[in-house]
Amino acid sequence: QVQLVESGGGLVQAGGSLDLSCAASGTILRVYTWRWYRQAPGQQRELVAQITRGEVRNYQDSVKGRFTISRDNVMNIAYLHMSNLKPEDTAVYYCGADVQPTDHEGSQTYWGQGTQVTVTS
């Protein structure tokens with residue numbers, strides 16, 4: 001069983017910064033790609049950033065230059081550093097990870113419960 005737990009959300013003024021983290025626990029052989037998604041009220045979930053095991057990073061255009069995704073392969077944690085936050089960044093942020101639990105299993109995608117980020121103007 002693999003669990004992902006996000007932390008670090010909160011309330012911040014426009015222009016401020018927040019750091020999110022997502023910790024994976026359970027039976028984990030390796031984590032392949034980490035992803036951060038977000039979902040604002042009344043909108044579809046959208047991909048914000050992802051990082052492969054080889055540390056290739058991709059970002060949604062609206063966050064390029066403001067958000068940075070990183071990972072710790074020893075601790076199985078992903079991070080999202082968000083700076084110069086805007087009110088339109090307000091959403092529930094979810095992490096997802098492609099995890100291979102054991103040598104005898106293929107990878108599956110697991111999801112966290114989400115953490116609220118609210119940016120006030």
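In which strand does Gln 100 lie? Gln 100 lies in strand E9, where strands (E, at least two residues) and helices (H or I, at least four) are DSSP runs numbered from the N terminus.

The views below show a predicted model, in which local features need pLDDT of at least 70, side-chain atom pairs count only at pLDDT 80 or more, and totals for chains, interfaces and linings use all residues. Residues are numbered from 1 along each chain as its sequence is written, and side-chain values use heavy atoms, with hydrogens and water left out.

View 1. Apart from residues up to four places away in sequence, Gln 100 touches Ile 28, Leu 29, Arg 30, Tyr 32, Glu 105, Gly 106 and Ser 107, a contact being heavy atoms within 4.5 Å. The side chains of Gln 100 and Tyr 32 make a polar contact at 2.8 Å. A polar contact is a pair of N or O atoms within 3.5 Å; within protein, one must be able to donate a hydrogen and the other to accept it, and residues adjacent in sequence count only if both atoms are side-chain atoms.

**View 2. Asp 98, in strand E9.** The relative accessibility of Asp 98 is 12%, so this residue counts as buried. Neighbours within four places in sequence aside, the contacts of Asp 98 are Arg 30, Val 31, Tyr 32, Thr 33, Arg 35, Gln 108 and Thr 109.

**View 3. The disulfide of Cys 22 and Cys 95.** A search of the whole structure gives 1 disulfide, defined as a pair of cysteine sulfur atoms within 2.5 Å. The sulfur atoms of Cys 22 and Cys 95 are 1.9 Å apart. The torsion about their S-S bond is about 45°, so the disulfide is right-handed. Cys 22 belongs to strand E3 (residues 18-26) and Cys 95 to strand E9 (residues 91-100), so the pair ties together parts that are 73 residues apart in sequence. Cys 22 counts as buried at 0% relative accessibility, and Cys 95 counts as buried at 0%. Among the contacts of Cys 95, leaving aside neighbours within four places in sequence, are Leu 4, Glu 6, Arg 35, Trp 36 and Trp 111. Between the C-alpha atoms of Cys 95 and Gln 50, 45 residues apart along the chain, the separation is 9.5 Å.

**View 4. The largest nonpolar core, with 30 residues.** A nonpolar core is a set of buried Ala, Val, Leu, Ile, Met, Phe, Trp, Tyr and Cys residues joined through side-chain atoms within 4.5 Å. Leu 4, Trp 34, Trp 36, Phe 67, Leu 80, Met 82 and Tyr 93 touch the most other members. At least two residues of this core come from each of strand E1 (2-7), E3, strand E4 (30-39), strand E5 (46-51), strand E7 (67-72), strand E8 (77-82), E9 and strand E11 (115-120). E9 gives the most, with 5 residues. Beyond neighbours within four places in sequence, Phe 67 is in contact with residues including Val 48, Tyr 59, Leu 80, Met 82, Leu 85 and Tyr 93.

**View 5. Arg 45 and two aromatic rings.** The charged end of Arg 45 sits over the ring of Tyr 94, 3.8 Å from its centre. The charged end of Arg 45 also sits over the ring of Trp 111, at 5.6 Å from the centre. A charge sits over a ring if NZ of Lys or CZ of Arg is within 6 Å of the ring centre and within 35 degrees of the ring normal.

**View 6. Glu 55 and Asn 84, two loop residues with positive phi.** Most residues other than glycine have a negative phi. Glu 55 has a positive phi of about 65° and is placed in the loop between E5 and strand E6 (57-59). Asn 84, in the loop between E8 and E9, has a positive phi of about 45°. Glu 55 counts as partly exposed at 36% relative accessibility, and Asn 84 counts as partly exposed at 42%.

**View 7. Val 63, in the loop between E6 and E7.** Val 63 is buried, its relative accessible area being 0%. Leaving aside neighbours within four places in sequence, Val 63 is in contact with Arg 38 and Val 48. Val 63 and Ser 83, 20 residues apart in sequence, are 9.2 Å apart from C-alpha to C-alpha.

Terms used
Buried < 20%, exposed > 50% of the residue type's maximum accessible area, 1.4 Å probe, protein only.
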